[in-house]
Amino acid sequence: MVYHWQSHNVKLSGVDDMVLLPKITEDAIVENLKRRYMDDYIFTCIGPVLVSINPFKQMPYFGEKEVEIYQGAAPYENPPHIYGLADNMYRNLLIDNENQCVIISGESGAGKTVAAKYIMSYIARISGGGTRVQHIKDVILESNPLLEAFGNAKTVRNNNSSRFGKYVEILFGSGGQPEGGRISNFLLEKSRVTMQNVGERNFHIFYQLCSGASDSMKKNFGLCQLDYYHYLSYGGNHKVEGTNDAHDFQETLRAMNVMGLTDKEQSNILQVVAGILHLGNVMFMEKGNYSEIQDQDALAFPSFLFEVVHDHLKSKLTSRRFDSKWGAQSDTIDVTLNVEQALYTRDALAKGIYARLFDYLVKRVNGAMETNVNGYGIGILDIYGFEIFERNGFEQFCINFVNEKLQQIFIELTLKAEQEEYVAENIKWTAIDYFNNKVVCDLIESKRPPGLFSVMDDVCATMHAVSEGADHDLQKKLTTASGTHQHYQSCKEGFIIHHYAGIVTYNVEGFCDRNRDVLFPDLVELMQSSSNAFLCSLFPDQINTNSKSRPTTAGSKIRTQANKLVDELMKCTPHYIRCIKPNETKRPRDWEELRVKHQVEYLGLKENIRVRRAGFAYRRPFNKFLHRYAILTKETWPCWKGDDRKGIEWIMRSVHMEKSQFQLGKTKVFVKAPESLFMLEDQRDRKYNHYARVIQKAFKKYFARRQHDRQKEEAANLMFGKKERRRYSINRNFAGDYIGLDSRPILQSLVGRREKVAFAEVVKKYDRRFKAARRDLVLTSRSIFLIGREAIKKGPEKGKAIEVMKRKLDFENISHVSLSALQDDFLILHMKEDYDSFLEMVFKTEFLLLLSKKYHNQIGRDITVRFSNSLDFRVKKEGWGGGGTRQVKFVSAGTSDMALLKPLGKVLTVVIGPGLPSNSKPILQRVVVGGRQSRVQRNNIKQELGTLKPQITPRQPGSSPSRPAPRLPSCSAPRSSIRAPPPPSEPAPPNQPTVRPGFRLPPFSGGSGNAPGQVPVLPTASVSRSKQPVKTINHQNFMQTPQAGVAG
Ligand SMILES: Nc1ncnc2c1ncn2[C@@H]1O[C@H](COP(=O)(O)OP(=O)(O)O)[C@@H](O)[C@H]1O
Ligand SMILES: [Mg+2]
């Protein structure tokens, strides 16, 4: 029975996999999600697709415990969780050697960015690596606060809304450790720099800098209250609930440190940020038909911070150079701008600088995690969600286009591809209907017939620098080109598109300008004149006024990027997280039914479930399936030789997979129910565990043999030059327990259960008349026990022999041990204050070795061992007789290996043939794990077995000890773990975050109006100023940003 988490004391809340819903309707899906959400389960799945609902509160299941339980677990073992998805990606990467990606989609504020961060932190936690890898992990994780500071902002829909899209790839080495990474960024909403909707803010960094700057920064950058800056004045409120900008600023600085940005570089970046703020405060007034700077002092800080000449900045904000052609002659003339044009120019400069600064940061992040390792990667796509505002401009158009593309991938890979695959593979299947949004993608991006982007590019190519009628012209052309398209409608302010996620009305105002997206050459030149090398480097543009080629438009850029992204994603094994936003209040447990239902509808969850249910849970190319499940049968391991299909059928038969549960297509195998797949996975895990144990055993054996060799050598050393050796003893492995103590509980209880037995053997003990009696000898770490047998004298069991303790010899009472110099098996244990024990034992060498070791451990010095062919031993006093000593004489004579005993009075003569010379050494086994034994080894073992047998019985007929089969020694080889060992740690960690001292501005040489190197004075820093932001632009329609902001 396969383990499933739901069968184990978990409160059931709806179904965790919506494939199991009894009725598949949108209402049933919403109801199921709601039940789970209200029970605090934010994750639900549809097969491999994870649905996540924003809880707007910290859930308790993102701790170490969860990391632990999801790591390496099968998908059905635990409730759906983002860690499960992340773990699955990571394992697929390692097992299948395939790139993985996760596409996180959902509306703004649905929880995409948080999800992306959970995935990154999970992967960082479970993947191995030393210090260098830890640095890569830090860079990946710290890139989040850094890029969020510069690329996220409060919007009406999300207090930390990503205003750029990003695709983060983590690249892994062959050991599964992150070796590097890459971030691709998409379309930063730079219009926010100069304009925000009511209730929204500019990018976080502006507020962070103003609130968190050190005193020296404040002074050098001319930082003061937020109200002072025009560019921060539109939203109406600078505070974001639950956010501490000053604190976040420190995070941003820390993140910059992790990226390896030097103090100077950080200072440069912040200087630019401050410069942009000040630039926004430059205002213009009407003079005649021209503009003039309202307050010259306002230019001081921007020119100081951008390190450009004051008058140069002034002239470039109020005039522009035009190339004019008169016949063959060309001329350049400076045209003075009106107020409207001057404001437009100022904002264009601010946006241009900021966008380039952002790209620079992404580049630096990428530089910090660059790698030449060519491994596999996990890509995480967190892109701005589908947006509908009351007024939607060019940015919304681009954002929604990218979301259309992502929906396309989802459809392509889950719905369409799935169904097409069944057809292509000849799999029996019933088709499911769904809406394919390719038609909307084509409407927007098609080249032929020209889609909306192409029409925009055409209009932009023909328009003049600032052209009032361009947007109107565009509107007409769009309608001509697409008026009859079923997803297009024209309307008063622009056009309407029926997106997969809803109907959006776009206002064409500003479309042409935003699409054209060029920074006037004048402004580029201005910035190139900066004496700050960093600022210059942001403007590497080659200005070529004669160039005939069309400049790249924002539209074509996003189109190219989106398609490139799609190509990248298509190369990976995709995973999906569908984020759902349950409400617009950002409050926990607030469920807006209609809102959720709308998302469920456009995300196509119902179709997703249908396809999933009707179809097959799992499919794999034949070879990949064989590779993954090769271990299940002997015939397929390590690889199946023969036809792939036969191999798969063989595996399926071997695991008793029901015929209805799978089909073989032309190139792929399809498995119907997830449970069947789990069964395969389960068996695969078991096999791996089994083989891990086999490997462990082999290692244990290997270590045991090594230990035997060592023991044999040590034993030989004990006897070396002192005692002749028996042929079969010298190369014998030591087993320790020759009695089988495990099955002799009485013996154990006599010795004491807690005593660890080192050696046990049946021996013969000789008394004063040299009469032998059987004893069980047990050696522990402190004593030697001699256990005999006595008949019960009384009671119902009278006459039955039971074991009794005959003698316990503690090490501290032993004076020495003596043996003969011949090959016989006799040994005397001499006691200090007591009679001695004269024993005959087959495994005397092993016993002596262990005794000498234990003795040393216990007493702290070596035991004395004497060798002589004439030994004495003291005998026990018994009644009247006894006491005194006996003598044993050893004589080498004849050829027999067996000792001949001749007792005569108080002397016993032992006659035995010669053994191996006393300087014999064992032949050591060189073990090859899993390999075959060498001939020498085999012969040794044969010899050992062959000679051991006759040794046991015929030596002393009648009185020879009965010897049970030896037990395997308890093995002390280290337990080898199934997991791969961690890779070796790496050298020197670069860039540990450090706390930096205050900033210093570099010596300053540019700018007029300020003494070199001196910080200018803030012009009339009136706080009340922005209470009524200068509304000079109100009547200049063409440059207005969409001012919606109310959620649609
Ligand atoms: N799993 C979550 N747990 C707790 N809060 C969340 C979670 N996901 C989202 N949130 C909350 O919702 C806000 C918006 O989420 P975010 O990921 O930024 O949305 P998106 O990127 O989709 O626009 C977060 O700032 C956070 O407050
Ligand atoms: Mg986001």
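**Entry 1**

Thr113 belongs to helix 4 (residues 112-126) and Ser162 to strand 5 (residues 161-162), so the pair ties together parts that are 49 residues apart in sequence. I noted that helices (H or I, at least four residues) and strands (E, at least two) are DSSP runs, numbered from the N terminus. Thr113 and Ser162 are both buried, where buried means under 20% relative accessible area, exposed over 50%, and partly exposed in between (1.4 Å probe, protein chains only).

I recorded that this is a predicted model, in which local features need pLDDT of at least 70 and side-chain atom pairs count only at pLDDT 80 or more, while totals for chains, interfaces and linings use all residues. Residues are numbered from 1 along each chain as its sequence is written, chains are lettered from A and ligands numbered from 1 in the order in which they are written, and side-chain values use heavy atoms, with hydrogens and water left out.

**Entry 2: ligand 1**

I next looked up the 15 residues around ligand 1, of which Asn54, Gly109, Lys112, Thr113 and Val114 come nearest. A residue is near a molecule or strand if one of its heavy atoms lies within 4 Å of it. An oxygen atom of ligand 1 lies 2.6 Å from a backbone N or O atom of Gly109. For Ala110, a polar backbone atom is 3.2 Å from an oxygen atom of the ligand. Asn158 takes part through its side chain, with an N or O atom 2.9 Å from an oxygen atom of ligand 1.

I traced an open sheet of eight strands in the order 23-22-21-20-26-25-24-27, with mixed pairing. Strand 23 (801-810) and strand 27 (865-867) stand at the edges with a single partner strand each, so one side of each is left without a neighbour in the sheet. Two strands pair if DSSP finds at least two bridges between them. Strand 24 (residues 814-819) pairs with strand 27 in the parallel sense over three bridges, and the partner of Leu819 in strand 27 is Phe867.

**Entry 3: Asp836**

I found Asp836 in the loop between strand 25 (826-831) and strand 26 (837-840). Asp836 is buried, with a relative accessible area of 6%. Its side chain reaches the backbone nitrogen of Met831 at 2.9 Å. Leaving aside neighbours within four places in sequence, Asp836 is in contact (heavy atoms within 4.5 Å) with residues including Arg807, Phe873 and Arg874.

**Entry 4: strands 28, 31 and 33**

I then followed strand 31 (residues 885-892), which runs antiparallel to strand 28 (residues 870-874) and is joined to it by five bridges. Ser870 has Lys889 as its bridge partner in strand 31. Strand 31 also runs parallel to strand 33, with six bridges between them, and Val888 stands opposite Leu908 in strand 33.

**Entry 5: Leu916**

Last, I located Leu916 in the loop between strand 33 (907-912) and helix 29 (935-952). Is Leu916 buried or partly exposed? Leu916 is partly exposed, with a relative accessible area of 26%. Leu916 and Gln823 are 93 residues apart in sequence and 7.7 Å apart in space, C-alpha to C-alpha.

Notes
A polar contact is a pair of N or O atoms within 3.5 Å; within protein, one must be able to donate a hydrogen and the other to accept it, and residues adjacent in sequence count only if both atoms are side-chain atoms.
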